[in-house]
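This briefing concerns helix packing, the nonpolar core and one backbone feature of the structure shown below.

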Amino acid sequence: MGPMQFLPSTFAAYAVDGDGDGVADIWNPADAIYSAARYLCANGAGGGPRALYNAIYRYNHADWYVLMVMDVAGQLATRFGEPVPVAEAP
């Protein structure tokens, strides 16, 4: 459900009030994005390239999905002058 396609139970476990309105709403883009970041961090996304790959894969169990996410992340990083993130398959 919502812009980050959470299962309601997963959202409930990782919900963040990203826009500061006092409610964590699965349909609110700010809340959903911050909640997705919390989910990824809780699953080790900050632990290096392999850990990032595994965290994204846990979000959606498809290698093509991880590669697509990393491609988009790389495009955004390049556009805004940030370091390009690297994910390494196990």
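In helix 3, Leu 52, Tyr 53, Ile 56, Tyr 57 and Tyr 59 meet Asp 63, Tyr 65, Val 66, Val 69 and Met 70 of helix 4. Sorted by class, this contact between helix 3 and helix 4 comprises nine nonpolar residues, no polar residues and one charged residue. The model is a predicted one.

**Geometry of the helix pair**

- The axes of helix 3 and helix 4 approach within 9 Å and cross at roughly 120 degrees.
- Helix 3 is therefore oblique to helix 4, since angles of 65 to 115 degrees count as roughly perpendicular and only those over 145 as roughly antiparallel.
- The crossing of helix 3 past helix 4 is right-handed.

**Nonpolar core**

- Nine residues form the largest nonpolar core, namely Ala 45, Leu 52, Tyr 53, Ala 55, Ile 56, Ala 62, Tyr 65, Val 66 and Met 70.
- Helix 3 (49-59) and helix 4 (63-79) are the elements that supply two or more residues to this core.
- Helix 3 contributes the largest share of the core, with four residues.
- In soluble globular proteins, nonpolar side chains tend to be buried together.
- Beyond its neighbours within four places in sequence, Tyr 65 is in contact with Ile 56, Tyr 59 and Asn 60.

**Backbone at Gln 5**

- Gln 5 lies in the segment before helix 1 (8-14).
- The phi angle of Gln 5 is near 55 degrees, a positive value in a residue other than glycine.
- Gln 5 counts as exposed because its relative accessibility is 61%, and the cut-off for exposed is over 50%.

Conventions: Residues numbered from 1 in each chain as written. Predicted model: local features only at pLDDT ≥ 70, side-chain atom pairs only at ≥ 80, totals over all residues. Heavy atoms only, no water. Core = buried A, V, L, I, M, F, W, Y, C linked by side-chain atoms within 4.5 Å. Buried < 20%, exposed > 50% of the residue type's maximum accessible area, 1.4 Å probe, protein only. Contact = heavy atoms within 4.5 Å. Axes fitted to C-alpha atoms, helices over the stretch in contact; angles between N-to-C directions. Parallel < 35°, antiparallel > 145°, perpendicular 65-115°, else oblique. Left-handed = near helix turned anticlockwise from the far one by under 90°. Nonpolar A, V, L, I, M, F, W, Y, C, P; charged D, E, K, R; others polar.
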